[in-house]
Amino acid sequence: MGITIKDKAAIEKMRVAGRLTAQTLEMIAPHVKAGVSTEQLDQICHDYIVNDLQAIPAPLNYKGFPKSICTSVNNQICHGIPGPKKLKDGDIINVDISVIKDGYHGDSSITFFVGEPSVLAKRLVDATRECLYVGIAQVKPGASIKDIGKAIQEHVKQYNYSIVREYCGHGIGEGFHEEPQILHYESNEQADVILKPGMCFTIEPMINAGKRFVKHLPDNWTVVTKDRSLSAQWEHTLLVTDDGVDILTLREKEIPPENL
Ligand code: MF3
Ligand code: CO
């Protein structure tokens with residue numbers, strides 16, 4: 001299908017889908033605390049997306065995924081399936097929200113702290129969010145996709161962390177996962193893909209406190225770190241504009257990190 005360039009009408013629908021995705025994360029934030037189970041978080045998001053937003057939770061039944069959101073706790077990297085296990089103080093949890101509205105997708109995730117984080121967890125989660133923003137800062141017409149992964153890899157260097165390679169950002173629109181793939185590490189694979197106004201894609205770096213290697217749980221979805229180290233992720237849906245980038249899933253009170 002190739003990379004789609006969204007026209008004005010499609011961009012307007014992407015903006016709406018992005019806003020609803022951001023609103024769902026704003027809504028769920030105060031519910032993320034010790035004692036709540038990840039399936040309770042799923043239920044609350046599901047009901048909000050379907051009833052309040054009149055939208056569709058994109059993960060539900062996507063390639064057989066059984067729930068409406070992904071929840072990935074501690075050493076889980078991504079695609080965690082919500083279940084009965086309750087959050088406890090000191091956990092970190094990525095809540096990944098994807099909605100479809102009027103045929104278009106929004107996709108965004110946050111890693112939350114449950115109670116007080118350890119020094120290691122705070123450093124990892126903050127560094128991962130910096131990586132997202134370092135990637136976003138590369139996005140403008142004329143830049144290459146390669147610049148995004150390269151900048152993230154450069155930024156991670158100062159930490160003893162590793163970048164997950166098996167999962168990447170993606171084009172997004174009428175499809176949940178469209179071309180191109182957005183790698184979060186330096187690679188020549190897509191050096192020739194040049195960003196143009198009207199492209200929409202996600203950046204969603206997954207950073208491990210230990211080694212980069214991944215393992216799948218027997219549920220065939222949940223991806224965990226092979227060495228059981230902590231992993232964090234942050235994701236936004238982006239639009240390439242005439243002179244830069246719009247963050248379509250920006251939350252109302254979100255302030256980009258200062259130390260970049
Ligand atoms: N943001 C995630 C991604 O793009 C959402 C995955 S939903 C799932 O991979 F259903 F595929 F798990
Ligand atoms: Co995504």
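Predicted model: local features only at pLDDT ≥ 70, side-chain atom pairs only at ≥ 80, totals over all residues.
**Close-up 1. What lines the second largest pocket.** Of its 16 lining residues, Thr 38, Val 73, Gln 76, Lys 85 and Leu 87 sit closest to the centre.

**Close-up 2. The largest pocket and the residues around its centre.** Here the volume is about 510 Å³. There are 24 lining residues, and those closest to the centre are Tyr 62, His 79, Tyr 167, His 170 and His 177. Sorted by type, the lining has 11 nonpolar, 7 polar and 6 charged residues.

Close-up 3. Which strands each supply at least two residues of the lining? They are S4 (92-101), S7 (169-171) and S8 (178-182).

**Close-up 4. A three-stranded open sheet.** The 3 strands run in the order S3-S12-S11, and the pairing is antiparallel. S3 (76-78) and S11 (214-216) are the edge strands; each has a single partner, so one side of each has no neighbour in the sheet. On average, neighbouring strands of this sheet are turned by 45 degrees against each other, if you ignore direction.

**Close-up 5. Zooming in on S11 and S12.** S11 pairs with S12 (residues 223-225) in the antiparallel sense, over 3 bridges. What stands opposite His 216 in S12? Look for Val 223, which faces His 216 across the pairing. As a reminder, strands of a sheet pair through backbone hydrogen bonds, in either a parallel or an antiparallel way.

How values were computed. Residues numbered from 1 in each chain as written. Chains lettered and ligands numbered in written order. Heavy atoms only, no water. 1 Å grid on protein atoms, 1.4 Å probe; cavity = no way out; pocket = protein on both sides within 12 Å on 5 of 7 lines; lining within 4 Å. Points joined across faces, edges and corners; volume = space filled by probe spheres on them. Helix = DSSP H or I, 4+ residues; strand = E, 2+ residues; numbered from the N terminus. Nonpolar A, V, L, I, M, F, W, Y, C, P; charged D, E, K, R; others polar. Pairing = 2+ DSSP bridges. Axes fitted to C-alpha atoms, helices over the stretch in contact; angles between N-to-C directions.
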